[in-house]
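User: I've got this model open and want to go through a few local features. Can you take my questions one at a time?

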Amino acid sequence: MDRRRVNGPELSVAPLVATVDAEGAVNFVQETPKQAFTPDTKRQDGRSAGDIRPIYLRAGLVNQASGSAYFEQKNTRVTCGVYGPRQNKKAQFNELARLECEIKFTPSSCEKRRALHRDPEEKELANFIAQALSPAVKLDRYPKSTISVYISVIQCDGWWSAVAAAITCASVALIDAGIDMIDSVVAASTLVANPSTVLMDASQSEEDAHPHIDAGVLLVAELPTFKSITHVVQMGKLDINQTTKATEACLEVCAKIHGVVNHYLRESVIQQAEI
Amino acid sequence: MATTGLISPAEINYIREGFAVGIRADGRALRQYREYLLGLDVISHSSGSARCRIGFGTDVLVGVKVEVSNIEPGEVPNRGKVVCNVECSPSTTQNWDSRAADELNNELTQFLHRCLNDYDGIDLEKLCIIPNQSCWILYVDALVLDFGGNLYDTLLMAVRAALFNTRIPKVHIEETGDDGEKEFDVIDDPEEAEPVPGWADVPLAVTLNWANQTYFVDASEMEEHCTDAKLTVTVNKNGHICAIQKSGLGAIPQKVYPEMLTVRIRQEWGVPLALWP
Amino acid sequence: MSTADLPDLAPFEQAAAKRTEATTGGETQLVTPGEPITSNTAFMRGHGTYVEEGVVISALAGVVERINKLVTVRALKARYAGEIGDVVVGRITSLAEKRWRVDLNSRQNGVLALSSINLPGGVQRRKSESDELRMRTFFAEGDLVVAEIQSLYGDGAIAIHTRSLKYGKLRNGTLVTIPPALVQRSRTHFYAIPCGVDVILGLNGYIWVSKHVDPQAIEANPEEVYSNVNDPITAEERTNVARVANCIRALSRQFIHIHDTAIVYAYEASLRFPISDLVTDSVSSEIAMEVRAKLQS
């Protein structure tokens, strides 16, 4: 029990939604029924299966950090600050720089309130993100140093799309910090609803409509120029064809996101040069 | 033994060159596992247990305990629960950085949690006793007794074996009132106990290590120091991929990635028939 | 499912029983801590023993050894205790001012002073400040060295030196770690096994197995002493190194002293098995039996 802060009630209840049935009677139901996606319907927000939500990207918003970035995809909002390279705290010599990573979903970012301290899930995600970014950073350029990446997910609309956003955002922040990179890192996630619908960049309501029992989730991070996969996570049972198809779809989207990132970086360099 | 994660450039080069020609430092082929020992029913106080030791290195002990738990409001009303924990025993990790050990514990726990909870392996619905009231909870606790590389694969082998070995008591359900209220009794007869529903669908893992433009299985501790990236693929007995997870600080080229997914458990591991029907 | 399909329930117990079978049988006196060895006052107490009321008592679990009047107990698995002149293999763990710290599997760290190495360019060159700044180019963290023990400090620390062409950085091979008790002091610790493999038996239990390099080639090119790059290694050399390394592992698992004859016998006995099988219980005990028989004849 956290006594230093005002705590919300232990139990929260979803608001009732009024619906009108055929006879004109008003009913109150707990929530709108979640609809599974079928190929002939559009998705709830009007996208088709392969579309991602529009991306808004800005770098250099945090003055304190060596580099920073803000990444937005509709209701998914992520910021990232990069500190370093700075000298290792420990005296031990290391030829490669250490890339350390922290990710925090802010308490109000998800439907359920999240704890203030970092939970095991976030610690693991931090690991994932560090592993996804490391291949791109020229760690050998910075012996004896540490590069710290701090990510906050301000709002999360789809768990895995938020993680993908965090990876892309962190890579932009690293570039903004002027750290040597061999390539940028872009990531995309997808929800594979059985039998073979590949929903790119799934939102929270889509994730809820397809619990893991009948769907798989795949997240791929890649170096777009080098055509190398820096991270991949799959959960949920898929056969190999579904996995391959989903991976290909993710890589295709990665290429699109890379286009956006690249365009933005170019623009920002031109802008800075003019100032 | 006395390795502190230090390795010389010449050793790294020797091991990596070995991958390129297909001769590993201990004489194995690239797709060859070390000999492994598997023991069942090693902890008498548990509902099921197993120990898997690969080579003379990695040693994982898994105990499963089955208990009755309440289904709280807000939880899925008709599913049982699986709670996982993986811990590297302090006696194995003394040479490591304390943070590295914590990170590894967390990584393995989360991995196992995803493997057992998030797809249709263990039949969680059959673990429900009375919807909205009571269910079985499976505590899967793994202890890493010794470390010699390839922890993921060994862990999943031990977990699958322990679940195979687990028995859940039968319950007797009776309605107590007209309003559909139910009560149950746990039948205390070990002869009457049943296997874990869906244990056979729990996957095994094969970790493919990417190094020097090729990949190999079952890395020893030294080989793991020379690996660029690892790809853990878990496959169930129908050949479905249940989870994929990359780890390590390197990248895997897109070209070889699809090929790496085509692992066949029986060929890689040589699993005993009883465990892989 | 029939019971015949069930995996064996007790492979660990069986493996343990097999190992004990293989190790007992010699006429050695085994003792445990607190066990009286002799009350004969003519004996002198050595390492691993203490005297209580005139009785020599063991302080270790191990084998009793008698050299004339001196009684010592040697544990099968203990940290290495160095002696001046020992050949050891060690791993550099860190750099300090004008010296390296070396892991020697001993109670305290080993120390390799900058003044105890051969500097490149001339055997007797004086060391300069620039050498101090370039220390990591000679030996860096993780590097393996073969060296000789120069002196021992009172606190158990060991000073080593590499001032000879046969000592220095190790390349072209692989490290095998065994209990130090299995390596005995002998005239030389550098062996060339006939199959084209060099073995360096470090008395601290670290054994370096590498492809054969002609000693004259090293003398001809002393600049290469600090190289990190391996020579080209053929597939045959690689398999032989792997086989010898696994032979040593097999012998050590069966508690056989490691020396050149034992390695050669084990190598010969191993030829009918695939290399990767050598470390399994069944094959290693079979090889051990053959080696024991040959050593006794």
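User: Buried or exposed: which is C:Ser58?
Analyst: Heads-up: this is a predicted model, so local features need pLDDT of at least 70, side-chain atom pairs count only at pLDDT 80 or more, totals for chains, interfaces and linings use all residues, and side-chain values use heavy atoms, without hydrogens or water. Residues are numbered from 1 along each chain as its sequence is written, with chains lettered from A and ligands numbered from 1 in the order written. C:Ser58 is in strand E5 (residues 55-58) of chain C; strands (E, at least two residues) and helices (H or I, at least four) are DSSP runs numbered from the N terminus. With a relative accessible area of 0%, where under 20% is buried, over 50% exposed and in between partly exposed (1.4 Å probe, protein chains only), C:Ser58 is buried.

User: How far apart are the C-alpha atoms of C:Ser58 and C:His47?
Analyst: Along the chain, C:Ser58 and C:His47 are 11 residues apart.

User: Which strands stand at the edges of the open four-stranded sheet in chain C?
Analyst: The order across this sheet is E1-E6-E7-E3, with mixed pairing (two strands pair if DSSP finds at least two bridges between them). An edge strand here has a single partner, so one of its sides is left without a neighbour in the sheet. That describes E1 (30-31) and E3 (44-45) of chain C.

User: What is the bridge partner of C:Leu30 in E6(C)?
Analyst: E1(C) and E6 (residues 62-67) of chain C run antiparallel and are joined by two bridges. In E6(C), C:Leu30 is partnered by C:Val63.

User: Which strands give two or more residues to the patch of negative charge in chain B?
Analyst: Patches take residues with over 30% relative accessible area and no salt bridge, joining like charges within 9 Å and nonpolar side chains (Val, Leu, Ile, Met, Phe, Trp, Tyr) within 5 Å. This surface patch includes B:Glu174, B:Glu175 and B:Asp185. The contributing elements are strands E8 (171-175) and E9 (182-186) of chain B.

User: How many salt bridges turn up over all chains?
Analyst: Side chains of opposite charge can pair when their charged atoms come close. The criterion is a side-chain nitrogen of Lys or Arg within 4 Å of a carboxyl oxygen of Asp or Glu. Searching the whole structure gives 37.

User: At what N to O distance do A:Glu122 and A:Lys104 meet?
Analyst: This pair links helix H1 (residues 120-133) and strand E6 (residues 98-105) of chain A, 18 residues apart. A:Glu122 is buried at 0% relative accessibility, and A:Lys104 is buried at 17%. Their salt bridge has an N to O distance of 3.2 Å.

Methods:
Accessible areas come from the Shrake-Rupley method with a 1.4 Å probe; for residues, only the protein chains shown count as cover. Lys and Arg count as positive and Asp and Glu as negative; His and the chain ends are not counted. The place of a charge is taken as NZ of Lys, CZ of Arg, CG of Asp or CD of Glu.
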